[in-house]
Amino acid sequence: EPSKSPCAKALATARDPARIAIAKRLDSENVFMLLIIQKFFLRKRKTFYFWECMPILSAQNLLLRIGANAPLLDNVSFDIEAGDRICLVGRNGCGKSTLLKVLSGEAEVQSGDIVKKSGLKISRMIQEIPSHIEGTVRDVVMQGVLADGTHDTHAEAILGKTGIDAEALYDSLSGGQKRRVLFAQALAQDPDLLLLDEPTNHLDI
């Protein structure tokens, strides 16, 4: 038997048939709302918050065409749930990077919708290594950190794991070192959804 999704497990443990029917309908229609399911476990009533099973991002019928060419994205629909690890595979030029840009908000589609969980933070590690970025390794990594310092401690920890002198100029690094710095920059933002575009390119291995 295939492993059950968190939603399926939640439905299986619920005791109220009416609530199960409501939950199934919400799940099938991708409605994003808080649904409280009462369940009994070890004879003690507990509250289960169904929102934990809802996708953090849902793409619905995305269409993107560049010029007169065939669509890069043709009515693409999918859900991303918390904890998902997804590998995007395709030939060069088929739209993988473009899709990641659409998800991160850096590109727009002609039609379709992207519904995100409230407050969702998305970070994308770009495919290309910029030829020039002003500043030190620390400056580059900290670019994505909130100005109020909320994530400074987290960002400093990520910076320390790069194995690169934080005060070294970014432009003086090798291609592989620059790649590590860009990876650290994406992680330093402490995102809910991390998008990695060919992250192993140019690594010094």
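Close-up 1. A pocket is an open set of grid points with protein on both sides within 12 Å along at least five of seven lines, and lining residues have an atom within 4 Å of a point. The model shown is predicted. Its largest pocket has a volume of about 560 Å³. The lining holds 23 residues; closest to the centre are Ile86, Cys87, Leu100, Leu194 and Leu195. Strand β4 (73-80), helix α3 (96-104) and strand β7 (193-196) each supply at least two lining residues. By type, the lining comprises 15 nonpolar, 1 polar and 7 charged residues.

**Close-up 2. A salt bridge between Arg124 and Asp197.** The two side chains meet at 3.8 Å, N to O. Arg124 sits in strand β6 (residues 122-125), and Asp197 in the segment after β7, 73 residues apart. Both Arg124 and Asp197 are buried.

**Close-up 3. Arg179 in helix α6.** This helix spans residues 175-188. Arg179 is buried but has no salt bridge. Its nearest side chain of opposite charge, Asp197, is 6.2 Å away. The backbone oxygen of Glu198 lies 2.5 Å from a polar side-chain atom of Arg179.

**Close-up 4. Arg138 with Glu156 and Glu167.** Glu156 and Arg138 form a salt bridge at 2.7 Å, N to O. Glu167 lies in the loop between α5 and α6, 29 residues from Arg138. Relative accessibility is 28% for Arg138 and 49% for Glu167, and both count as partly exposed.

Note on methods:
Residues are numbered from 1 along each chain as its sequence is written. This is a predicted model: local features need pLDDT of at least 70, side-chain atom pairs count only at pLDDT 80 or more; totals for chains, interfaces and linings use all residues. Side-chain values use heavy atoms; hydrogens and water are left out. Helices (H or I, at least four residues) and strands (E, at least two) are DSSP runs, numbered from the N terminus. Buried means under 20% relative accessible area, exposed over 50%, partly exposed in between (1.4 Å probe, protein chains only). Lys and Arg count as positive and Asp and Glu as negative; His and the chain ends are not counted. A salt bridge is a side-chain nitrogen of Lys or Arg within 4 Å of a carboxyl oxygen of Asp or Glu. A polar contact is a pair of N or O atoms within 3.5 Å; within protein, one must be able to donate a hydrogen and the other to accept it, and residues adjacent in sequence count only if both atoms are side-chain atoms. On a 1 Å grid over the protein atoms alone, a cavity is a set of points where a 1.4 Å probe fits but cannot get out, and a pocket is an open set with protein on both sides within 12 Å along at least five of seven lines; lining residues have an atom within 4 Å of a point. Grid points are joined across faces, edges and corners, and a volume is the space filled by probe spheres set on the points. Ala, Val, Leu, Ile, Met, Phe, Trp, Tyr, Cys and Pro count as nonpolar, Asp, Glu, Lys and Arg as charged, and the others, Gly among them, as polar.
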